[in-house]
Amino acid sequence: MLSNIFILLRQELILSLLIFLLLFIKIGKERSNETVLNLINILLFVNLAAGLFGMSEGGAFNGMFTTNAFIVLEKNILNLAILLISMQSYAWMKHHKQVAEFYLLIFTSLLGMFFMISSGNLLMFYLGLEMSTIPLAAAANFDLAKRKSSEAAMKLILSSAFSSGILLMGISFLYGTSGTLSLDVLTAHIGNDPMQLFAFILLVSGFAFKISAVPFHLWTADVYEGSPVAVTAFLSVVSKAAVLFTFTSILYKVFTPIATVWYGVLVVLSVATILIGNLFAIRQDNFKRFLAFSSIAQVGFILIGISGSSQAGSASLVYFVLIYVFSNLAAFGVVTVVSALTGKENISDFKGFYKTNPFLSWVLTIALFSLAGVPPTAGFFGKLFLMMAGAAKENYGLITFAALNMVVSFFYYLKVVKAIFMEENEQPIQKLSVPGMTKLAMYICVAGIITTGLASMVYDYIYSLSIGL
Amino acid sequence: MNLSLLILLPLLTALLILLSKNLAQIRVIGLAGSLAQLGAAGWLLKLFMDQRAAGNTATYLFETNTVWFKALNINYHIGIDGIALAMILLSALVVVAGLLVSWTMEKLSKEYFFLLVLLSMGAYGFFISLDLFTLFFFLEVAVIPKFLLIGIWGSGKKENSAMKLALMLMAGSALVFVGLMGIYYNTHSFDMVQIGQMGISLGVQKFFFPFLFLGFGIFAALFPFHTWVPDGHASAPTAASMFLAGISMKLGGYGCLRMAALMPDAAHSYSWIIILLATIAIIYGAFATMMQTDLKYINAYSSISHCGFVILGIGMLNKTSINGAVIQMVSHGLMTALFFAAIGMIYSRTHTRMVAQLGGLLKVIPFISSVFVIAGLCSLGLPGFSGFVAEMTVFMGAWQNSDGFYRFATIISAASIVVTAVYILRATGKTIMGPISDEHALLGDATWNEKFAAGLLIVGILIIGLAPFLINQLIMPATDFLMINIDKAITLK
């Protein structure tokens with residue numbers, strides 16, 4: 001029995017070990033940042049590799065914790081993202097005073113996400129969610145000298161607390177009407193009871209806050225702008241992905257009886273999210289704000305895929321997130337390097353970037369193309385499969401809307417490409433020397449962007465693991 | 001022969017270009033790669049004709065069908081019929097000519113040649129695809145290189161033109177995508193052959209045909225979505241203009257043709273709209289050209305008019321007119337590439353494209369001037385050149401439709417040829433005849449690469465113009481097959 005738990009919770013346990021190790025490093029004798037960073041990156045790689053072996057299915061703690069191959073895969077995608085973020089923030093972390101603390105916070109947050117994804121009970125879900133959010137707010141404050149950073153942390157913790165409150169209220173209404181919090185049992189009690197519909201709306205609002213879907217997105221841009229780039233990357237990729245995974249599994253598992261209701265809700269949310277995200281992204285000049293709004297629009301597309309509510313729906317979600325990890329982190333990677341070495345974070349600073357930094361320019365361009373959904377990058381497949389999954393409902397108005405909005409998003413991504421390649425700049429960003437670790441992460445991202453789409457086995461594998469409605 | 005070779009060759013060329021060290025290597029690799037493509041296309045033609053002569057009547061030859069995304073029933077299904085092969089030959093010719101013309105490109109030459117080759121890969125992939133998803137994939141692959149080529153190496157207000165072109169083409173593919181979704185969820189397949197056999201129900205056809213036809217129509221400069229053409233072509237560097245007009249616009253025409261064959265009922269019921277838009281494009285394009293003073297704009301606007309003939313031929317939905325549309329695509333591709341090449345050669349020497357500032361060029365650069373005249377004469381449809389054959393076939397096909405409206409459209413379109421003659425003769429006359437200004441008195445004539453490029457395209461034009469039966473022999477069986485479905489739809493009415 002005990003050994004069983006070790007296997008089921010293997011990813012969580014490894015992560016906990018890492019956390020303890022970091023504590024020991026901290027209290028141990030002084031070591032250079034480089035040593036610590038290299039060690040952490042190697043351990044994260046081991047962590048990722050360990051996750052790939054032996055898929056196990058089952059539950060523990062009286063159904064509080066469940067896992068299966070699909071969930072293991074989702075966690076591994078998050079592990080991959082953490083590894084990439086860590087490698088890319090090398091330049092930033094190298095001169096930071098509190099390396100160990102930063103990773104402590106990030107790992108704790110990730111651990112919370114793991115429990116959230118694996119939750120078989122709304123209580124467990126809530127615990128995981130809180131465990132993942134609170135350390136993040138501290139991490140957002142990690143540009144210790146910048147006021148904007150503390151502002152971001154404050155905004156993040158307040159809006160998270162607010163949304164958690166809403167979620168909790170929804171959960172308690174559900175408990176009040178059904179008498180259980182277990183996801184498996186709950187389904188049987190869900191009906192058209194107005195109280196439950198209200199609870200559902202509260203629950204969705206809470207989730208929408210976390211994934212920054214419109215109209216619950218207002219915190220996103222400020223927090224993204226103020227936080228250190230590594231945290232912004234973490235927020236926009238890892239934390240969003242974790243919540244989306246959980247959201248989807250709860251929708252598909254628990255709220256099946258009111259599928260028509262949540263289809264309508266998802267459509268409204270996705271239309272608003274895509275539209276607002278796109279319109280605001282056009283006008284941004286700060287790169288982090290730009291990526292914030294574009295990531296809002298991306299969430300809108302994800303919601304369309306989820307609304308397809310089939311096996312293809314959840315498969316395309318995970319597939320898209322995997323691609324999004326590669327493409328968004330490649331973009332953030334370049335921004336991290338530029339911001340750490342020059343302090344410049346505006347799109348207009350990137351004018352003439354190609355003349356001085358061709359390698360970084362290509363990485364950024366490929367990443368942006370993938371985010372825009374241009375073949376042969378993986379983003380094309382990711383976005384198309386999301387829309388295909390959504391089109392299964394044969395709501396062609398929605399699909400037309402989404403397809404035309406892809407053109408709008410194309411416009412702002414191309415604007416950046418235009419600045420990089422075509423525009424002149426009197427004070428271009430000088431030639432930057434990229435740390436080897438960061439470079440390696442960028443190569444991994446670009447390789448991922450190119451192969452994840454064209455190599456169809458990735459999608460087929462995800463599809464074979466996924467379970468639909 | 002495995003058709004994937006047509007994708008792999010450009011891919012290999014592009015990778016080698018990335019690895020190459022200096023301009024000389026890039027040029028050699030680029031030229032060798034494009035010649036290999038041309039060789040492969042020629043060899044394919046021989047094999048194709050051999051198969052046909054041996055009595056192989058299958059619609060698509062050299063078919064391969066590999067599962068790509070199993071879960072979504074997406075296959076990498078490739079194969080060609082005569083029409084696709086004609087397009088492949090056209091692309092191969094234009095690619096070689098385009099690379100030769102950009103021989104002296106020195107600004108970021110590696111990226112430039114890389115993007116050109118990537119663009120050609122998209123075109124080949126598009127023409128060999130029998131699976132709608134693969135088709136769509138390659139259609140979009142070809143968009144980004146155009147954006148970068150125009151935006152980085154172009155002239156004038158290049159950034160705006162590049163953005164306009166990319167966004168309009170992307171909007172086109174967005175429409176195509178919606179149409180594809182409609183087909184997919186009603187037939188559960190992306191396979192054009194399979195869908196063609198199964199047929200699509202009438203309601204679905206009528207709803208989704210406009211999406212697909214308009215989507216591809218934007219690529220083919222269908223009125224009123226032609227506005228990307230003039231700016232895009234005029235701002236692009238020479239080779240990119242040649243690729244755009246010679247290959248890329250043909251993606252649209254080819255797509256429209258395939259969609260009309262795939263949804264014949266809808267094509268038939270909407271044919272009057274198609275004809276109307278095509279006629280407007282023809283007339284509007286011709287008159288708009290009259291007003292232009294920039295050589296590139298002249299050719300760009302006349303392209304709108306000429307591509308109108310392609311749409312007109314498809315819209316008439318009979319065998320002769322569709323044949324004409326295909327020949328017009330090939331002919332316009334060659335002719336317009338030649339035209340842009342000649343304009344590029346003139347521009348690189350005189351540094352102006354304004355008709356008013358040019359004159360008497362025949363005296364100093366006779367070869368380039370002759371090329372320019374040949375392109376012009378082909379464009380106005382002089383017998384002996386491909387333009388005549390193509391336009392005649394389209395008109396003959398169009399006239400077969402005895403309905404009053406169609407007759408009227410045919411007459412109007414045919415009358416546009418007069419306008420074409422006016423602007424072509426005026427532009428060529430002013431440019432190459434008359435007194436020559438002093439600053440242009442010492443220009444050097446074409447270099448070997450320019451001569452080679454022009455010669456290649458002229459040979460293509462002459463083969464179609466003088467021996468039209470050759471191309472007819474190639475595409476006729478394919479149109480026959482397309483007509484089976486279309487005729488069925490028409491007789492049902």
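Leu90(B) is in contact with Lys250(B), Val330(B), Gly333(B) and Leu334(B), when residues up to four places away in sequence are left out; two residues are in contact if their C-beta atoms, placed from the backbone, lie within 7 Å. The structure is a predicted model, in which local features need pLDDT of at least 70 and side-chain atom pairs count only at pLDDT 80 or more, whereas totals for chains, interfaces and linings use all residues. Residues are numbered from 1 along each chain as its sequence is written, and chains are lettered from A and ligands numbered from 1 in the order in which they are written.

Leu90(B) belongs to helix α3 (residues 82-101) of chain B; helices (H or I, at least four residues) and strands (E, at least two) are DSSP runs, numbered from the N terminus. Leu90(B) counts as buried because it has 24 C-beta neighbours inside 10 Å. A residue is buried if 20 or more other C-beta atoms lie within 10 Å of its own, exposed if 12 or fewer, and partly exposed in between, with C-beta atoms placed from the backbone. Although Leu90(B) and Gly333(B) are 243 residues apart along the chain, their C-alpha atoms are separated by 7.0 Å.

Ala97(B) touches Met242(B), Ala337(B), Ala341(B), Ala453(B), Leu456(B) and Leu457(B), again not counting residues up to four places away in sequence. Ala97(B) is also among the residues that touch the most other members of the largest nonpolar core, which has 378 residues; the others are Ile88(B), Ile311(B), Leu338(B), Ala341(B) and Leu457(B). Such a core is a set of buried Ala, Val, Leu, Ile, Met, Phe, Trp, Tyr and Cys residues joined through C-beta atoms within 7 Å.

Chain A contains 21 helices and two strands. Its radius of gyration is 21 Å, close to the 23 Å that the globule rule gives for 469 residues, so chain A is as compact as a globular protein of that length. The radius is taken over C-alpha atoms, and the rule is 2.2 Å times the number of residues to the power 0.38. The C-alpha trace of chain A spans about 65 × 60 × 45 Å along its principal axes. Of the 469 residues of chain A, 57% count as buried.

The contact between the chains takes 26 residues from chain A and 25 residues from chain B. On the side of chain A that touches chain B, α19(A) gives the most, with 13 residues.
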